[in-house]
Amino acid sequence: MTEEKQITQRLAILGSTGSIGTQTLDVVRHHPEELSVEVLTAGTQADLLIKQALEFKPNAVVIGDAGYEKVRTALASTDIKVFAGEEALNEVCAFDTVDTVVTAIMGSRGLKPTLTAVEHSKKIALANKETLVMGGHLVCEAAERYGATIVPIDSEHSAIYQCLQGELRMDVERLILTGSGGPFLGRTFDSLENVRPEEALKHPTWRMGRKISVDSATLMNKGLEIIEAAHLFNMRPEYIEVLIHPQSIVHSLVQFCDGSVKAQMGVPDMRGPIMYALSAPNGRMAEFDEVMPRLTLDMLKQLTFEEPDRDTFPCLSLAEEAALAGGGIPCVLNAANELAVEAFLDGKIKFLEIPAIVWGQFNTAMATGGTRRGDTLEDLLALDAEVREATRRMIDKQK
Ligand code: MG
């Protein structure tokens with residue numbers, strides 16, 4: 001209804017070849033009048049990036065150094081500019097021709113470009129939770145200073161964001177994040193001793209990338225989401241709860257001061273939160289060709305909820321403690337976890353060594369003033385590098 005809906009929103013999609021990136025492009029494909037692609041970036045998947053560039057005709061693409069020659073050669077006959085490397089990733093976030101930056105790159109590499117986009121007052125459709133886990137205080141402060149809007153794509157946070165529309169911040173009593181429980185729901189700690197990466201990657205309800213799938217299997221993902229929610233919604237972590245809901249239909253809930261609870265529901269499909277984030281603050285995007293699945297009565301009949309099992313999944317408690325500790329501790333948790341997950345996927349460590357490694361780094365940081373670290377981007381990146389180095393040594397010892 002509003003006029004803004006008619007203006008084409010120009011996107012920079014960071015991480016266009018990943019799970020969220022390709023689903024975002026699927027949304028763009030079906031909304032050619034509302035959305036256009038200005039920039040696409042990828043790390044290593046040069047072939048897919050080339051294919052996407054030829055279809056969506058962005059102004060520029062960025063690829064990791066190794067893929068530069070290949071992409072440059074393939075796009076030589078077009079007027080698409082080809083850049084490589086980390087600095088280019090930053091620069092494209094500042095382009096005048098970009099309205100919205102979709103941050104869908106995995107891990108801590110998302111922090112710097114997100115900050116650049118915020119400092120240029122872009123709208124951020126945020127799908128990189130590590131950015132807020134590491135440097136949420138810096139990002140949210142900067143967003144306020146530069147008038148940048150951050151709209152979450154993470155399904156739980158999108159749900160809470162939607163529930164908060166039209167509400168007063170002071171009326172919010174607690175946030176309840178739901179989680180499917182992952183592929184190992186119902187298992188005991190000891191039974192997870194020998195699980196293989198393939199089993200951990202089998203997420204029951206969501207189609208996602210590899211790192212986040214393992215995080216869902218350890219429940220670290222839910223822990224990271226507590227930290228993410230604390231920053232996004234300016235809420236103390238003790239007022240954020242986790243509820244296991246295996247069907248992933250209720251995406252999260254907000255309880256208000258009068259006892260009323262709002263929940264946002266839908267069939268699990270990340271294109272829902274993506275469309276909402278791209279459309280905000282202009283209501284909802286008309287859904288394309290009726291491909292988005294509809295909730296049925298049958299699905300609603302089957303909803304169940306249970307407490308998370310913190311004994312089997314110690315990563316959840318670890319992340320909760322990190323959220324309460326604050327300072328540089330969430331950054332430490334995130335860095336140690338990223339490397340531990342990578343080592344598990346590479347077959348270097350066992351599944352249960354993931355929490356052990358994170359726990360080790362968490363303890364060291366707590367004992368050495370980690371809560372006082374991370375006031376500036378430089379210190380945060382230095383701390384991140386220190387923890388990665390220490391975690392690498394720990395993993396090499398484990399082998
Ligand atoms: Mg999520």
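Biologist: Hi! How many of the nine residues of helix 7 are buried?

Modeller: Nine of its nine, so to speak: helix 7 is mostly covered. Buried means under 20% relative accessible area, while exposed means over 50% and partly exposed lies in between, with a 1.4 Å probe and protein chains only. This is a predicted model, where local features need pLDDT of at least 70 and side-chain atom pairs count only at pLDDT 80 or more, while totals for chains, interfaces and linings use all residues. Residues are numbered from 1 along each chain as its sequence is written, and side-chain values use heavy atoms, with hydrogens and water left out.

Biologist: Which residues of helix 7 are buried?

Modeller: They are Ser155, Glu156, His157, Ser158, Ala159, Ile160, Tyr161, Gln162 and Cys163.

Biologist: And what do they pack against?

Modeller: Their partners are strand 7, strand 8 (172–179), strand 10, strand 11 (261–265), helix 10 and helix 11. Contact here means heavy atoms within 4.5 Å. Helices (H or I, at least four residues) and strands (E, at least two) are DSSP runs, numbered from the N terminus.

Biologist: Let's talk metal. Which residues are the protein donors of the magnesium ion?

Modeller: Asp154 (OD), Glu156 (OE) and Glu225 (OE) are the protein donors, lying 2.1 Å from the magnesium ion. Donors are N, O and S atoms within 2.8 Å of the metal (3.2 Å for Na, K and Ca); water is not among the atoms, so sites may look incomplete.

Biologist: How are the donor residues spaced in sequence?

Modeller: The pattern is D-x1-E-x68-E. Asp154 and Glu225 link distant parts of the chain, 71 residues apart. Asp154 sits in the loop between strand 7 (150–152) and helix 7 (155–163), and Glu225 belongs to helix 10 (residues 220–232).

Biologist: Are Asp154 and Glu225 buried or exposed?

Modeller: Both Asp154 and Glu225 are buried.

Biologist: New topic: what about helix 1, how many of its residues are buried?

Modeller: Helix 1 (residues 19–29) has eight of its 11 residues buried. Among them are Ile20, Leu25, Val27 and Val28. The buried residues of helix 1 pack against several elements, including strand 1 (9–14), strand 2 (35–42) and helix 2 (46–56).

Biologist: Where does Ser248 lie?

Modeller: Look in the loop between strand 9 (240–244) and strand 10 (250–256). Ser248 counts as buried because its relative accessibility is 5%. Leaving aside residues up to four places away in sequence, Ser248 touches Ser180, Thr205, Trp206, Gly266 and Pro268.

Biologist: And why does Leu89 count as buried?

Modeller: Leu89 counts as buried because its relative accessibility is 7%. Leu89 is part of helix 4 (residues 86–92). With residues up to four places away in sequence not counted, Leu89 touches Leu14, Thr41, Val62, Ile105 and Pro113.

Biologist: Let's zoom out. How many helices and strands are there in the chain?

Modeller: The chain has 16 helices and 11 strands. Buried residues make up 54% of its 399 residues. Along its principal axes, the C-alpha trace spans about 55 × 50 × 40 Å.

Biologist: How many contacts come from residues 24 or more positions apart?

Modeller: Such residues account for 69% of the contacts in the chain with a separation of 6 or more.
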